[in-house]
Amino acid sequence: MAYDYDLFVIGAGSGGLAAAQRAVTYGASVAIAEQSKPGGACVNHGCIPEKLLDYAAGFRNLEQVAVSYGWKESNREFDWSQFVRAEEQHIQHLNGVHLRHLQEGNVQFIQEQAHFLDAHTVTVGDRSITSEKILIAVGAKPNKPSIPGIEHTITWHQLYHLPQQPESLAVVGGDPIGVKITGSLNALGTSVTQIIPEDHILAAFDAELAQEIQEQLSKQGVQILPKTNVAKIKKTEKGLCLTLSNQSNSKQPSSLTVDAVLMDVPRKPNLAGLNLEKADIQLTEAGAISVDESSRTTQSNIFAIGDCTGRIPLTPSAIAQGRAFADAEFGGKSSSVRLDWVPISLASQPEAATVGLSESQARQKFGDAVFCYQTRFRPLLYCLAAGNEQMFVKAVVNRQDSERVLGIHIMGDRAVDIVQSLAVSLRLGVTKHDLDSAIGIHPSSAEEIFSL
């Protein structure tokens, strides 16, 4: 049977774009459908806007440090409207870059929602399109809980649409997105309260690293309410009133009134309207698309990558999966993606990064063989300034395997760059002895890794 395309991609986020662009290099005819703007959540709502907000917050912090280095104080003010305009302009630029790359690669871009008719056919608008292979790369979307007044809240998708910076904000949840927004807006002058059902923020991270970040946020003025849930939200003349339910501490407030409420809620695969049942594509118990190691679904010619499959919800992970799929299916290469040494960055205040196993994960796997080396110190950047800024470095090792390093967790200045540099070493089996025998760059925060 002759098909309209060799590959049809549903979703022009990071993974879908990477797969489409790699597939055409092997001579495949490719089309990609996207109901929104190209770039996906990372470009349009998540990683890029969050990092730009982090930079904005960082400038304020550095200006305060600069005074200790001899710079005169100035009365600068942060202009939310100007920031949002600049942020939107940059995102539009990135949207254009992605479109241009598709055009240059002869990938047909269709800005419509795609729906399955059968395993080889989709409808896009008023068209029916056939393809030999189909790749689903639709990502995930925020999933708000069902509580009274939830309609008054926003998610990170709407944050940058606010007409003005809120004077007060409640962030409900302690996942990375909420932690990043909490730290940045607090540094920019918003009074932020973070409400979390767990003992501490960042429940999926190394517990000690998470605790260090939480303590720093608290010192910076963020009010953190642990073991607390929101029972209902009511709109009043003074703002949004949250009724709180605390599980352990009667001294914490039973209500809170703020200008805005941001729900840092778990995401769910963005599968609505795809009509997956018409292609006989099965889901996991968690509601994600079921795939094998090759990203193949339960339908042999249909594949899925990225957040809609329930794998690591990170842009580089989706890109790697997309390229591996194209290499295998159109390049004839045996290509697999290892997701056990994926570094994770956190554009928080202060920044943090991690790669490998947390201490808890390591102990579950290797028991008493696990040992942790760690240190806390004040980065040189802040040595002339008042305050108590801290850097935290932790290495998790397996003492029964030549002290192989199982995980590195860092909070503080340049943490992301340091962890990225170490990620390859961990994947290749670096040991504590290897780190000890290496020579560091002086003066730098990174050299502390080699003297734990």
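Mentor: Helices here are DSSP runs of H or I with at least four residues, strands are runs of E with at least two, and both are numbered from the N terminus. This is a predicted model, in which local features need pLDDT of at least 70, side-chain atom pairs count only at pLDDT 80 or more, and totals for chains, interfaces and linings use all residues. Residues are numbered from 1 along each chain as its sequence is written, and side-chain values use heavy atoms, with hydrogens and water left out.

Trainee: Are the residues of α5 buried or exposed?

Mentor: Buried means under 20% relative accessible area, exposed over 50%, and partly exposed in between (1.4 Å probe, protein chains only). In α5, eleven of the twelve residues are buried, so the rest of the structure largely encloses this helix. Among them are Ile177, Lys180, Leu185 and Asn186.

Trainee: Now two helices together. At what angle do α1 and α7 pack?

Mentor: Axes are lines fitted to C-alpha atoms, for helices over the stretch in contact, and angles between N-to-C directions run from 0 to 180 degrees. Helix α1 (residues 14–24) and helix α7 (residues 315–330) pack at about 30°, their axes 7 Å apart. Under 35 degrees counts as roughly parallel, over 145 as roughly antiparallel, 65 to 115 as roughly perpendicular, and the rest as oblique. So α1 and α7 are roughly parallel.

Trainee: Which residues of α1 meet α7?

Mentor: Contact means heavy atoms within 4.5 Å. From α1, Ser14, Gly15, Ala18, Ala19, Arg22 and Ala23 meet residues of α7 including Ile319, Gly322 and Phe330.

Trainee: And how do α3 and α4 cross?

Mentor: The axes of α3 (residues 47–68) and α4 (residues 80–104) come within 11 Å and cross at roughly 140°. That pair is therefore oblique. The contact includes Leu52 and Leu53 of α3, and Phe83 and Ile91 of α4.

Trainee: Last, a single residue. What does Ser445 touch?

Mentor: Ser445 sits in the segment after α10 (432–437). Its relative accessibility is 14%, so Ser445 counts as buried. Leaving out residues up to four places away in sequence, Ser445 touches Phe377, Pro379, Met391, Asp413 and Ile418.
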